Amino acid sequence: IFGHVWDGNIHYYLFKPLEMNKNEFLNLNDQIKSSVYDITHELKGSYSAEHGIGITKKEELKFYSSKSEIKIMNLLKKTFDPNYIMNPGKVL
């Protein structure tokens, strides 16, 4: 666990134990990530405290952000980047 702990923006990495199968680890990683995000959401926290949503949290956007939040994000993106040239290939 690392990151901006003082402001509640905690990051974490999971490392595969040497004796664990890669696919087993990836499945477990997804389960842990979902559990952490679910608990965070229940506590009114955010799954991402970054300055936008890239490709790694694209799916989480659908589950943990409301339609109105997504609409506001898209309006902001369109306002500040009408030609979609900044950070190409990313969601927001």
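Is Asp81 buried or exposed? Asp81 is buried, at a relative accessible area of 3%; buried means under 20%, exposed over 50%, and partly exposed in between, with a 1.4 Å probe and protein chains only.

Before going on, the model. This is a predicted model, in which local features need pLDDT of at least 70 and side-chain atom pairs count only at pLDDT 80 or more, while totals for chains, interfaces and linings use all residues. Residues are numbered from 1 along each chain as its sequence is written, and side-chain values use heavy atoms, leaving out hydrogens and water.

Back to Asp81, which sits in the segment after H3. Helices are DSSP runs of H or I, at least four residues, numbered from the N terminus. The side chain of Asp81 makes a polar contact with the side chain of Lys77 at 2.7 Å; that term means a pair of N or O atoms within 3.5 Å, and within protein one must be able to donate a hydrogen and the other to accept it, with residues adjacent in sequence counted only if both atoms are side-chain atoms.

Now the rings. The structure holds four aromatic pairs. Rings of Phe, Tyr and Trp (its six-membered ring) pair if their centres lie within 6.5 Å; planes under 30 degrees apart are stacked, over 60 edge-to-face, and the rest tilted. Tyr37 and Tyr47 are edge-to-face, because their centres are 6.2 Å apart and their planes stand at 65 degrees. Tyr37 lies in helix H1 (residues 22-42) and Tyr47 in the loop between H1 and helix H2 (58-64), so this pair ties together parts 10 residues apart in sequence. Tyr37 is buried at 9% relative accessibility.

Definitions and conventions
Helices (H or I, at least four residues) and strands (E, at least two) are DSSP runs, numbered from the N terminus.
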